[in-house]
Amino acid sequence: MGKIKLDDIDHQILDMLIDNTRIPFTDIAKKLLISAGTVHVRVKKMEEQGIIKGSSLMLDYKKLGYSFIAYVGLYLNNTSQTKFVLERINEIAFVTVAHITTGKFNIFCKIRARSTEHAKEIIFKLDEIEGVYRTETMISLEESINDKKRLMHSIFNDM
């Protein structure tokens with residue numbers, strides 16, 4: 001499948017949605033001097049093409065008591081166990097991201113926890129998964145940059 005073509009109006013709609021996924025279509029329409037129906041049709045089309053995949057909610061994890069972040073690299077006994085291990089990882093709610101990787105680790109995970117004690121429990125659950133023979137953990141001292149909006153704006157400016 002080739003690259004999907006978006007026109008200037010599509011770009012402007014996406015720019016506004018990137019900044020605020022909850023912005024009403026009527027507000028977008030007023031800013032772009034088009035009808036709300038046009039905005040709705042264009043957004044629906046971009047959803048059908050798979051460009052827009054839902055919307056997201058940003059939480060302040062510190063305020064919710066989950067400020068501890070760690071990254072855990074998993075070494076597997078055998079790469080054929082990857083799918084099984086990922087299915088078990090998916091059952092651990094506090095593992096928020098998991099990547100199959102090349103290099104040092106077979107799988108690399110991001111976890112969120114309430115405390116070091118809670119993180120230890122999560123890491124032990126990862127370590128107990130059949131097929132994992134070792135884990136290596138790095139504690140995040142501070143999440144300094146987490147800006148998907150900047151990336152999305154850059155991608156759409158390049159189109």
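Predicted model: local features only at pLDDT ≥ 70, side-chain atom pairs only at ≥ 80, totals over all residues.
Helix H4, which spans residues 82–89, has three buried residues, namely Thr82, Val85 and Ile89. Around the helix axis they cover an arc of only 65°, which means that they lie on the same side of H4. In general, an α-helix has 3.6 residues a turn, so residues three or four places apart point the same way. The cover over the buried residues of H4 includes several strands, among them S1 (68–76), S2 (95–100), S3 (107–113) and S4 (132–140), together with helix H5 (116–127).

A residue of another kind is found in the loop between helix H2 (25–32) and helix H3 (36–48), where leucine 33 lies. The phi of leucine 33 is near 60°, which is a positive value in a residue other than glycine, whereas most residues other than glycine have a negative phi. Leucine 33 counts as exposed because its relative accessibility is 77%, and the cut-off for exposed is over 50%.

The largest pocket has a volume of about 1,200 Å³. Its lining consists of 37 residues, and those that lie nearest the centre of the pocket are Ser56, Leu57, Met58, Asn146 and Lys148. Two or more residues of this lining come from each of helix H1 (8–19), H3, S2, S3 and helix H6 (148–158). The table divides the lining of the largest pocket by residue class.

| Class of lining residue | Number of residues |
|---|---|
| Nonpolar | 16 residues |
| Polar | nine residues |

Definitions and conventions: Residues numbered from 1 in each chain as written. Heavy atoms only, no water. Buried < 20%, exposed > 50% of the residue type's maximum accessible area, 1.4 Å probe, protein only. Helix = DSSP H or I, 4+ residues; strand = E, 2+ residues; numbered from the N terminus. Arc of directions from axis to C-beta. Contact = heavy atoms within 4.5 Å. 1 Å grid on protein atoms, 1.4 Å probe; cavity = no way out; pocket = protein on both sides within 12 Å on 5 of 7 lines; lining within 4 Å. Points joined across faces, edges and corners; volume = space filled by probe spheres on them. Nonpolar A, V, L, I, M, F, W, Y, C, P; charged D, E, K, R; others polar.
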